[in-house]
Amino acid sequence: MSMTQAGLLGQRAIREALRTPEALLPTLFIPLFFLVVNVGQAGKIFPSGDTPFLKGQNYGAFQLPSSILLAASFGSAALYLVEDIEGGYFDKLRASPVSRTALVLGRLGAEAVKSVVITAALVLLALPFGITIASGPLGFLLLLVLTAGWATVFAGFMQLIALKSRSAAATNSGGLIFFPLLFLTPNFVPRNMLTRPMEIAATYNPVTYIMEGLRSLILDDFAWAAIGRGFAVVVVLGAVMVALNVATIRNYD
Amino acid sequence: MNLAVEANQLVKHYSGRSGLVEAVRGVDLHVAAGEVFGFLGPNGAGKSTTVRMLTTLMTITSGSAHVAGVDVAADPDGARRRIGVALQEAGLDPRQTGRELLVLQARLFGSSRPAAAERAAELLELVDLVEAADRRIKGYSGGMKRRLDLASALVHEPEVLFLDEPTTGLDPASRLTVWDELRRINDRGTTIFLTTQYLEEADQLCDRLAIIDDGLIVREGTPAELKAELRERRALDYEPTLDEVFLDVTGRTRERVAGDVQEVRA
């Protein structure tokens, strides 16, 4: 029953997103913009033939995970949740015998689906520029799943802010935390080339492991250790976010 | 007596910016099955807080509440299956159509897809929204939204329907339409628990009333009993209105209410 309800609420959330394409399009174009700008600024520093960490690809392939993660971290689900809270629809759902877990998983599931579509579009748009997925179709599938996992984690975090603050402004501001999380990673060069303080920060930043997992899928032929660490981070943080969201809704007055 | 709503010493405290707020301070309610029960009170008296506790939307600080025989704190999902709720703010999703909203609501209550579609069609007819059924809710008028909200509270044929100020902000024609619908719903056997600030509405619709002020019930009875009590106590030579009963029991006077208005000069 709970999963059926989550599915129904997920379908509704997807319908909601499709009916507001103006909110969906920036999640594709802004990450593309960053990809083009970052490659344009640093591409010449890291030529394909002379840069071992690129493993024969161009710098765009190294930068693609940053753009994918950025696209997966818009957390628009939380803003729709604030609208539901402000408009009274969230109370309508809470007054129904809907499992509190389904209330959380419905939106998060929809966020995962949206992320799969946007990530696939980003990768497809990158292919004509010589970027390939070295791990092949299975690797591409894992890349989509790992990214969707991160989208779920971040949307869960944003939903927590929405549930606690019940304010669109606070939720929007909370989402800005992604920028320090994204930039305290091996964003431009591998972790072993970072300065020591940055390396320490990146080591403690969970986004690092997802980025490295995605990067390995693009540049390597299945580096399972890196992929496994990425999935482990997503599973642990995902479980924590779902548990915190459900607990917050159960105690929501 | 078969009770649809029973509350004993219901209390709600919460922390506000200025310290502890005692929103509800020990409310007892006994509403018989099949009644239309009016719950009146000035702004901030504790009406909505009481309704939110009875409908599982708010935790109960102390005391107990049963709705349709189910303890709302011990078995909230059991209570939710038996109640319909339409709150002050029409709880609708503006991006869905009226039909989609009703179908989703019915499916969340466990109906199959065909049963949900059939129930949505019935309700759209009941609240006279058949023509607007496939339009997005954001284009509905205030009255249409209220009627759709009412319909969404009825998808599972609840035993008790809670309505928190269902006609606030509606024009007189829309208000009369909602009243007619409430009478029809009550005729089918649904108990209605209604909060309102419109005394005429309470007089027209309610079998019994309770008036809450400052978190406590200060008067309870049928509209006729409450008016007769005031006429007798004040030795009035005319039939008082429910407005006069309300002003009497809440200690408010027209002068005091007028005095609450502060003139602001630029």
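In the model, B:Val67 is in contact with B:Val5, B:Leu54, B:Val72, B:Ala79, B:Arg82, B:Ile83 and B:Val160, residues up to four places away in sequence being left out; two residues are in contact if their C-beta atoms, placed from the backbone, lie within 7 Å. The model is predicted, and local features need pLDDT of at least 70, side-chain atom pairs count only at pLDDT 80 or more, and totals for chains, interfaces and linings use all residues. Residues are numbered from 1 along each chain as its sequence is written, while chains are lettered from A and ligands numbered from 1 in the order in which they are written.

The model scores ipTM 0.89 and pTM 0.89. For chain A the average pLDDT (the predictor's confidence in each residue, from 0 to 100) is 93, and 100% of the residues score at least 70. Helices here are DSSP runs (H or I, at least four residues), numbered from the N terminus. Within chain A, helix H2 (residues 21–24) has the lowest confidence, with a mean of 86, and helix H13 (residues 224–250) the highest, at 97. Chain B has a mean pLDDT of 90, with 94% of its residues at 70 or more. Among the elements of chain B, the mean pLDDT is lowest in helix H10 (residues 254–259), at 51, and highest in H3(B), at 97. Over residues 258–266 of chain B, pLDDT stays under 50, and the model has zero contacts beyond four places in sequence for this stretch.

The largest nonpolar core contains 140 residues, and A:Ile210 and B:Val67 have the most contacts inside it. Helix H8 (residues 136–165) of chain A contributes the largest share of this core, 14 residues. A nonpolar core is a set of buried Ala, Val, Leu, Ile, Met, Phe, Trp, Tyr and Cys residues joined through C-beta atoms within 7 Å. A residue is buried if 20 or more other C-beta atoms lie within 10 Å of its own, exposed if 12 or fewer, and partly exposed in between, with C-beta atoms placed from the backbone.

H8(A) packs against helix H9 (residues 168–175) of chain A at an angle of about 150 degrees, the axes being 9 Å apart. The two helices are therefore roughly antiparallel. Axes are lines fitted to C-alpha atoms, for helices over the stretch in contact, and angles run from 0 to 180 degrees between N-to-C directions. Angles under 35 degrees count as roughly parallel, over 145 as roughly antiparallel, 65 to 115 as roughly perpendicular and the rest as oblique. A:Met158, A:Ile161, A:Ala162 and A:Ser165 of H8(A) meet A:Ala170, A:Thr171, A:Gly174 and A:Gly175 of H9(A) in this contact. A:Arg166 is placed in the loop between H8 and H9 of chain A. Its phi is near 55 degrees, a positive value in a residue other than glycine. A:Arg166 counts as partly exposed because it has 15 C-beta neighbours inside 10 Å.

Helix H1 (residues 2–18) and helix H7 (residues 100–126) of chain A cross at roughly 45 degrees, and their axes come within 7 Å. H1(A) and H7(A) are therefore oblique to each other. On the H1(A) side the contact includes A:Leu9, A:Gly10 and A:Ala13, and on the H7(A) side it includes A:Gly106, A:Gly109 and A:Ala110.

A:Leu70 is located in helix H4 of chain A and counts as buried, with 20 C-beta neighbours inside 10 Å. Beyond four places in sequence, A:Leu70 touches A:Ile30, A:Pro31, A:Phe34 and A:Leu182. A:Phe46 lies in the loop between helix H3 (26–42) and helix H4 (59–71) of chain A, and is partly exposed, with 17 other C-beta atoms within 10 Å.

In chain B, eight of the eight residues of helix H1 (residues 47–54) are buried. B:Asp128 lies in the loop between helix H4 (113–126) and helix H5 (142–152) of chain B.

The contact between the chains takes 24 residues from chain B and 16 residues from chain A. On the side of chain B that touches chain A, helix H2 (76–82) and helix H3 (98–108) of chain B each supply at least two residues. H3(B) gives the most to that side, with four residues.
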